[in-house]
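Here is a short note for a colleague opening this structure for the first time. Please keep the sequence and the model side by side while reading.

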Amino acid sequence: VRKGFIRKLNGIVGADHVSRHVEDLICYSYDGTPYRAHPEVVVHPGSTAEVAELLATAAEAGVKVVARGAGTGLSGGSVPLEGGMVLHLDRMNRLRRLDPLEMLAVVEPGMTNWDLRQAAEGQGLFYPPDPGSTKVCTLGGNVAENAGGPHGVKYGVTGDYVIGLEGVLASGMTFRTGGETRRNVTGYDLTSLLVGSEGTLAVITEITLKLLPKPPARLTALLAFEKPVDAGAAVTAISGRGIIPAALEIMDGITIDCVERYRPGHLPRDAAAVLLIEVDGEAESVRHELQRAVKAGEACGGRLVRSARTPEEAEELWESRRSISPALGRIAPTRIGEDISVPRTRVPEMLERIQKISIKHDLIIAVFGHAGDGNLHPNILTDARDPEKMGRTEAAINEIFAAALEMGGTLSGEHGIGKAKSRFMEGSLPAETLALMKGIKDVFDPGGILNPGKIFPSGGAGPG
Ligand SMILES: Cc1cc2nc3c(=O)[nH]c(=O)nc-3n(C[C@H](O)[C@H](O)[C@H](O)COP(=O)(O)OP(=O)(O)OC[C@H]3O[C@@H](n4cnc5c(N)ncnc54)[C@H](O)[C@@H]3O)c2cc1C
C-alpha cells in the first residue's frame, strides 16, 4: 500500500488506530490454523461510518480487505492471504441494546460471545450458541462463520438467532437486512445469506439477535465407555429414545489423556471415550430426562462416572471440555483440527473409520466434538516441519473427508471453509451450486476486494 493511502486511513480513524508496526502485522498474520500471511496495514474502526469510508477508500485503491474478530477461526478465514488491510473490529464491541420484553439484543460485531451470554443471563435470558472459544471469539466472527457449539444439538447455531444485520459492502455502501421481528419474509433472505459468508460478501457492523428465556434447571453427567464406537452408539440410542439433550459431547481416549495432563482430576483416564450430557428445562423434568439419557447410554456399555450436583460441579466438567484445544496444542508442534459433520446415526461408523485411518497412516488423531449433531473434530497431532509426516497427514485428511462425504456428511459443520478446505469445494458441491455461489460473490464484491482466497478453490470470484 502507498503512503498516500495510509494518510487517508489516518484521516478516517485517527493515526492511533492505524498500525504498520511489524509486531502488529505479525499478530494479525494468523488465526487458529497453521496458515500465515502478513497484512500491510491494520486498522481499528470505531463506527459503521468509519468502516464504510475505509472500504470505499480501499476499493478505490484496489487494496484487499480482511475483517477480523478475535482470530480464533479454525479455517484460515481471517488470515490476509493477499496482504492488504486487516479491519480489526475490536473497538466496535458494545452491547447497543438488550430488550427483555422483545427478548433480543442489538450488538456490535466485536462484542465477545461470552459477554453477550453473561449480559443476557443477568436479565434472566439465554443466548445459546456457545463455541468452545466463547470467552474470546466475537459475535461478528460467529455470524461470519455461523458458529455452533455444544448447545447446538437442542438450540441450533448462530444463524438460528440472527434476525437482522447491518453491513458494509466492498464499495463502501452501508445496508440493512432483516430487522427486529421474529418473522420476516419480505424478499430474499439476505440475513441468512450473510450468515456464514466468512467475510467474503460484506463487513458486518451490527447484529440483532433473538434471545430465549433462561432454562430454570440444568443437569450435567459424564458417561465413560470402553470403546469409542460404543459412545457413538449411545448418541444414536439417546436420540432414538426421543431425548434431545441440551448438549451431547464426545471426547475419545486420546483427548481425555491430553486434557488430564493439562488439567488433571476431572475425567476418567481409563476410558476410551466419554460422553458429556447436559439436559435443561423445568426442575421436575430434567432429573427424569437425565435418568433416561443415562440409561440409554448404559445400555450401550456406558458407565456413569459423574453427575454434577451443583452449577459449580457442572462448570468443572465444562471447563474440561473447553480446555481440549490448549491441551491438544501442547502435545505436538502442529495440530490440524478438522470439522466434519455426518448424519448422527453414522457417528459410530465415522469413529471407526477415523481410528482405521490413524492406524494406517501412523498418526495420532484425537477425536472430540458435538456428537449429538454428528459434528466431529478429528484433530491430527503432527509436525509441519516434517515433510514426510505432513504427507501422511494430508493423506489422512483426504481420507477423512472422503469418508464423511461417502456417509452423506459435509466438509465443515461449523468452522467454515476459509483457506483450509477451499480445495475440497469442487469435490463436495455440484458445479451448478458452486457457480451460483460465485455469482453471488460477484454481485456483492465485483472487484474481489473482500477476503480473497477464501471459500472458492481458485482464490475467490471477481475478476479472473
Ligand atoms: C479453542 C477454540 C474452540 C473453538 N470452538 C468452536 C466451537 O465449538 N464451534 C465453532 O463453531 N467454532 C469454534 N471455534 C472456531 C472459532 O472460534 C469460531 O469460528 C468463531 O466464530 C470465530 O470468531 P472470531 O471472532 O475469532 O473470528 P475470526 O477468526 O477473527 O474470523 C473468522 C471469520 O469471520 C470473518 N469476520 C470476522 N468478523 C467479521 C465481521 N464483522 N464482518 C464480516 N466478517 C467477519 C473473518 O474475515 C473470518 O473469515 C473454536 C476455536 C478455538 C480456538
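Predicted model: local features only at pLDDT ≥ 70, side-chain atom pairs only at ≥ 80, totals over all residues.

The expected span of a helix is 1.5 Å times one less than its number of residues.

1. The open sheet. Start with the sheet of 5 strands. Their order is β5-β6-β10-β8-β9, and the pairing is antiparallel. The edge strands are β5 (95-99) and β9, each of which pairs on one side only. From one strand to the next, the twist averages 10°. Strand β6 (residues 104-107) and β10 run antiparallel and are joined by 4 bridges. One of the pairs to look for is A105, whose bridge partner in β10 is L209.

2. Helices on the sheet. α3 packs on the sheet and touches β5, β8, β9 and β10. The direction of α3 makes about 50° with that of β8. Helix α4 (residues 113-122) also packs on the sheet. Its contacts are with β5, β6 and β10, and its direction makes about 35° with that of β5.

3. Strand β8. How many residues of strand β8 are buried? The count is 7 of the 7 in residues 162-168, so β8 is largely enclosed by the rest of the structure. V168 has V203 of β10 as its bridge partner. With strand β9 (residues 174-178), β8 pairs in the antiparallel sense over 5 bridges. There, L165 is partnered by T177 of β9. The hairpin of β8 and β9 has 5 residues between the strands. In that hairpin, G172 takes a positive phi near 100°.

4. T191 lies in helix α7 (residues 190-194). Is T191 buried or exposed? Its relative accessibility is 5%, so T191 counts as buried; the cut-off for buried is under 20%. Leaving out residues up to four places away in sequence, T191 touches V162, I163, G164, L165, T177 and G178. T191 and E166 are 25 residues apart in sequence. In space, their C-alpha atoms are 9.2 Å apart.

5. The α1 and α3 pair. Two packed helices are described by the angle between their axes and the distance between the axes. Helix α1 (residues 3-13) packs against helix α3 (residues 48-61) at about 170°, with the axes 10 Å apart. That angle makes α1 roughly antiparallel to α3. On the α1 side, the contact is made by F5, K8, L9, I12 and V13. On the α3 side, E50, E53, L54, T57, A58, E60 and A61 take part. By class, this contact has 7 nonpolar, 1 polar and 4 charged residues.

6. Helix α13. This helix covers residues 347-360, 14 residues in total. From first C-alpha to last, α13 reaches 20 Å, close to the 20 Å expected. Its buried residues include V347, P348, M350, L351, I354, I357 and S358. What covers the buried residues of α13? Helices α8 (228-240) and α14 (387-406) are among the elements that do. So are strands β13 (247-252), β17 (340-341), β18 (364-370) and β19 (375-382). D362 follows α13 and has a positive phi, near 50°.

7. Helix α11. Residues 311-322 form this helix of 12 residues. Its reach from first C-alpha to last is 16 Å, close to the 16 Å expected at 1.5 Å a residue. A314, L317, W318, S320, R321 and R322 are the buried residues of α11.

8. Two asparagines to check. Most residues other than glycine have a negative phi. N146 is not a glycine, yet it has a positive phi of about 50°. N146 sits in the loop between α5 (139-145) and α6 (152-155). At 24% relative accessibility, N146 counts as partly exposed. N451 is not a glycine either, and it has a positive phi of about 45°. N451 is found in the segment after α16 (431-444). N451 is buried, with a relative accessible area of 3%.

Note on methods: Residues numbered from 1 in each chain as written. Heavy atoms only, no water. Buried < 20%, exposed > 50% of the residue type's maximum accessible area, 1.4 Å probe, protein only. Contact = heavy atoms within 4.5 Å. Pairing = 2+ DSSP bridges. Axes fitted to C-alpha atoms, helices over the stretch in contact; angles between N-to-C directions. Parallel < 35°, antiparallel > 145°, perpendicular 65-115°, else oblique. Nonpolar A, V, L, I, M, F, W, Y, C, P; charged D, E, K, R; others polar.
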